[in-house]
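Hello,

Here is the structure for your files.

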Amino acid sequence: MTFELACKVLKDYLEAKGYVIKSPRETLKQAFQNGLIEDGHAWIDALSKRNLTTHTYDEALADKFILEIKQIYAPLSLHKKLSE
């Protein structure tokens with residue numbers, strides 16, 4: 001849910017700046033180009049993993065995703081750039 005909210009906030013922010021955004025992937029790419037997020041590859045990877053988890057019913061795979069969320073995706077920062 002946090003990832004979804006971050007993407008929606010980025011999309012709204014970019015649209016307020018005049019960009020036309022049609023997808024979450026496009027949102028992340030434009031946010032990276034504008035310096036709103038630093039590790040564009042990690043954000044795109046998080047989007048891909050989010051799409052996978054929507055239809056994952058394998059407990060071992062879910063446990064792997066939980067570990068990745070804690071170690072890789074949770075540290076990604078958005079607040080600092082938007083509050084400047």
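The notes below cover salt bridges.

The model is predicted: local features need pLDDT of at least 70, side-chain atom pairs count only at pLDDT 80 or more, and totals for chains, interfaces and linings use all residues. Numbering runs from 1 along each chain as its sequence is written, and side-chain values use heavy atoms, with hydrogens and water left out.

A salt bridge here is a side-chain nitrogen of Lys or Arg within 4 Å of a carboxyl oxygen of Asp or Glu. The count by this rule is 4. Three of them are described here, including one between aspartate 45 and lysine 49, at 4.0 Å from N to O. These two residues sit 4 residues apart in helix 3 (residues 40–53), about one helical turn; helices are DSSP runs of H or I with at least four residues, numbered from the N terminus.

For exposure, buried means under 20% relative accessible area, exposed over 50%, and partly exposed in between (1.4 Å probe, protein chains only). Aspartate 45 is partly exposed at 31%, while lysine 49 is buried at 17%.

Lysine 49 also forms a salt bridge with glutamate 68, at 2.8 Å from N to O. That pair links distant parts of the chain, since glutamate 68 is in helix 4 (residues 59–73) and lysine 49 in helix 3, 19 residues apart. Glutamate 68 is buried, with 13% relative accessibility.

Lysine 64 and glutamate 68 form a salt bridge at 3.4 Å, N to O. Both lie in helix 4, 4 residues apart, about one turn. Lysine 64 is partly exposed at 45%. Through shared partners, salt bridges join Asp45, Lys49, Lys64 and Glu68 into one network.

Regards
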